[in-house]
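Subject: Structure for you to look at

Hello,

Here is the structure I promised to pass on. Please open it, then read the notes below.

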Amino acid sequence: MTDPIRLPDLSTEKDFTGDKFAPLYTTTVTVDGGAAAHGRASGRARSSDGALDLELRMPAELGGTGEGTNPEQLFAAGFAACFHGALSLLARQESLDPTAVTVLATVAFVRDPGDGGYLLHVDLVVRWPGVPRTTATSLMERADALCPYARMAWRGTPITLTLAP
């Protein structure tokens, strides 16, 4: 027999104090460049706790072999999971069952027409059968304001860039 999965003990209430950034969870993933000395083409990603350990490969559409996970897939998985969690939390607070909710995240790697650099474009599609469209749409809008990935997409995210000694 397996133990039931415990839901996170998070809320949308003002259950925090202070005006400073206070991490609730922190993780570290290290990527090396592998044989080609290029993290996207032949790298390996490893989390500090060992739960994530996978090879990174370029998708065929970008000239790679397509035989491995790429950063856009990882980002799409994280975004979809995070948005699903936010929507599920809000649904439960409204006494709705989120069991049938699915979130599809499509991430496109694109050229920035402004400067020729690279950008990501994200499309999220939520499926929630049995829930009125107006109810689902309202909760999706609230989830968009709650989900850290969505907030990052709208607001940007603080980044600290440091060269190790």
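At what angle do α2 and helix α4 (residues 148–155) pack, and how far apart are their axes? The angle is about 115°, and the axes are 7 Å apart. That makes α2 roughly perpendicular to α4, since angles of 65 to 115 degrees count that way. Keep in mind that this is a predicted model.

Now the residues at that contact. From α2 come Phe75, Gly78, Phe79 and Cys82. They meet Pro148, Tyr149, Ala150, Met152 and Ala153 of α4. By class, eight are nonpolar, one is polar and none is charged.

Next, α2 and α3. Helix α2 covers residues 71–93, and helix α3 covers residues 133–146. Their axes come within 9 Å and cross at roughly 125°. The two helices are therefore oblique to each other. The crossing is right-handed.

On the α2 side, the contact includes Phe83, Leu87 and Leu90. On the α3 side, Leu139, Met140 and Arg142 are among the residues met. This contact of α2 with α3 has ten nonpolar, one polar and two charged residues.

Is Ser42 buried or exposed? Its relative accessibility is 14%, so Ser42 counts as buried; the cut-off is under 20%. A polar atom of its side chain lies 2.6 Å from the backbone oxygen of Gly33. Leaving aside neighbours within four places in sequence, Ser42 also has contacts including Gly34, Leu56 and Arg57.

Best wishes

Notes
Residues are numbered from 1 along each chain as its sequence is written. This is a predicted model: local features need pLDDT of at least 70, side-chain atom pairs count only at pLDDT 80 or more; totals for chains, interfaces and linings use all residues. Side-chain values use heavy atoms; hydrogens and water are left out. Axes are lines fitted to C-alpha atoms, for helices over the stretch in contact, and angles run from 0 to 180 degrees between N-to-C directions. Helices (H or I, at least four residues) and strands (E, at least two) are DSSP runs, numbered from the N terminus. Angles under 35 degrees count as roughly parallel, over 145 as roughly antiparallel, 65 to 115 as roughly perpendicular and the rest as oblique. A crossing is left-handed if the near helix is turned anticlockwise from the far one by less than a right angle, and right-handed if clockwise. Contact means heavy atoms within 4.5 Å. Ala, Val, Leu, Ile, Met, Phe, Trp, Tyr, Cys and Pro count as nonpolar, Asp, Glu, Lys and Arg as charged, and the others, Gly among them, as polar. Buried means under 20% relative accessible area, exposed over 50%, partly exposed in between (1.4 Å probe, protein chains only). A polar contact is a pair of N or O atoms within 3.5 Å; within protein, one must be able to donate a hydrogen and the other to accept it, and residues adjacent in sequence count only if both atoms are side-chain atoms.
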